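Me: I would like to go through the labels attached to this model and the criterion behind each one. Please set the values against the cut-offs.

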Amino acid sequence: MKRFLVVISLMLGLALAFSSAQSNRIVTLPGSIQKALGGKEWDPAGEITRMTEVSTDVYEFVAAFPTGKYEYKVAINQTWDENYGKNGEKGGANLTLDVPADNTIIKFVFNYASKKIMDSLNNPTEISAPATVPARAAAVAAPIAEGTTRFVVHYKRTRGDYEGWNLWVWADGADGKSYPFNGSDD
């Protein structure tokens, strides 16, 4: 009986070690899509396109994109050491997106076990994009022009009355300037 319990304990320990290794995997979508969302393009460590593990070995990411042509891959653990491209090939060719209109919401799904990469734009019968972008990845109205800065403010008013509110910025003793909010999330 003791041997049986020791074997069961070892098996449970191995299972827990394996499952915790699964949850430690970081999956990102480096590519020109990162620049479209306000980040540095082709950055395997870029948090702006970090995917969320929704079930064992299945990762998702949702964002709204401006009109344009983009490329991306899947990178594992924030380096190029392990990356997947077209047809799930290790180190394979870039995947492409041809976004037809501003604020097109696209959902990306990556299955680590099968290495299958899909997005709702190229695989509409298999992947459905949600109607809104989750709070972690707010919609992007347009690409960021070189030399400009995107400033994201998460602001919640208890009463929910946001009409007429904006952001004021003062720089180097100059008069302040008002900037209207141009988007919202959950």
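Reply: A definition to begin with: Ala, Val, Leu, Ile, Met, Phe, Trp, Tyr, Cys and Pro count as nonpolar, Asp, Glu, Lys and Arg as charged, and the others, Gly among them, as polar. By these classes the lining of the second largest pocket has three nonpolar, seven polar and three charged residues. The model is predicted: local features need pLDDT of at least 70, side-chain atom pairs count only at pLDDT 80 or more, and totals for chains, interfaces and linings use all residues. Residues are numbered from 1 along each chain as its sequence is written, and side-chain values use heavy atoms, with hydrogens and water left out.

Me: What makes a set of points a pocket, and what makes a residue part of its lining?

Reply: The protein atoms alone are put on a 1 Å grid; a pocket is an open set of points with protein on both sides within 12 Å along at least five of seven lines, whereas a cavity is a set where a 1.4 Å probe fits but cannot get out. Lining residues have an atom within 4 Å of a point. Grid points are joined across faces, edges and corners, and a volume is the space filled by probe spheres set on the points. On this basis the second largest pocket has a volume of about 200 Å³. It is lined by 13 residues, and those closest to its centre are Lys86, Asn87, Gly88, Leu95 and Ile117.

Me: Which strands each supply at least two residues of that lining?

Reply: They are β7 (95-99) and β9 (116-119). The largest share, three residues, comes from β9. Strands here are DSSP runs of E with at least two residues, helices are runs of H or I with at least four, and both are numbered from the N terminus. Counted this way, the protein chain has two helices and 11 strands.

Me: Why is the pair of phenylalanine 110 and tyrosine 112 called edge-to-face?

Reply: Rings of Phe, Tyr and Trp (its six-membered ring) pair if their centres lie within 6.5 Å; planes under 30 degrees apart count as stacked, over 60 as edge-to-face and the rest as tilted. By this rule there are seven aromatic pairs. For phenylalanine 110 and tyrosine 112 the centres are 6.2 Å apart and the planes stand at 80 degrees, so the pair is edge-to-face. Elsewhere, Phe61, Phe65, Tyr70, Tyr72 and Phe108 form one aromatic cluster.

Me: Are phenylalanine 110 and tyrosine 112 buried or exposed?

Reply: Buried means under 20% relative accessible area, exposed over 50%, and partly exposed in between (1.4 Å probe, protein chains only). Phenylalanine 110 has a relative accessible area of 0%, so this residue is buried. Tyrosine 112, at 16%, therefore counts as buried too.

Me: Which charged groups sit over the ring of tyrosine 112?

Reply: The criterion is that NZ of Lys or CZ of Arg is within 6 Å of the ring centre and within 35 degrees of the ring normal. The charged end of arginine 25 meets it at 3.6 Å from the centre. Lysine 115 also lies over the face of tyrosine 112, at 3.7 Å from the ring centre.

Me: How do you know that β8 and β9 pair?

Reply: Two strands pair if DSSP finds at least two bridges between them. Four bridges join β8 to β9, which run antiparallel. Phenylalanine 110 stands opposite isoleucine 117 in β9. The two strands form a hairpin with four residues between them, and lysine 115 in the turn has a positive phi of about 65 degrees. Strand β8 (residues 104-111) is also joined to β3 (residues 58-65), by eight bridges in the antiparallel sense. In β8, valine 109 is the bridge partner of glutamate 60.

Me: What makes β1 and β6 edge strands?

Reply: The open sheet has the order β1-β5-β6, with antiparallel pairing. β1 (27-28) and β6 (83-84) each pair on one side only. β5 (residues 74-76) and β6 are paired over two bridges.

Me: Why does threonine 132 count as exposed?

Reply: Its relative accessibility is 54%, so threonine 132 falls in the exposed class. Threonine 132 is in the loop between β9 and β10 (166-169). By contrast, glutamine 78 has 28% relative accessibility and therefore counts as partly exposed.
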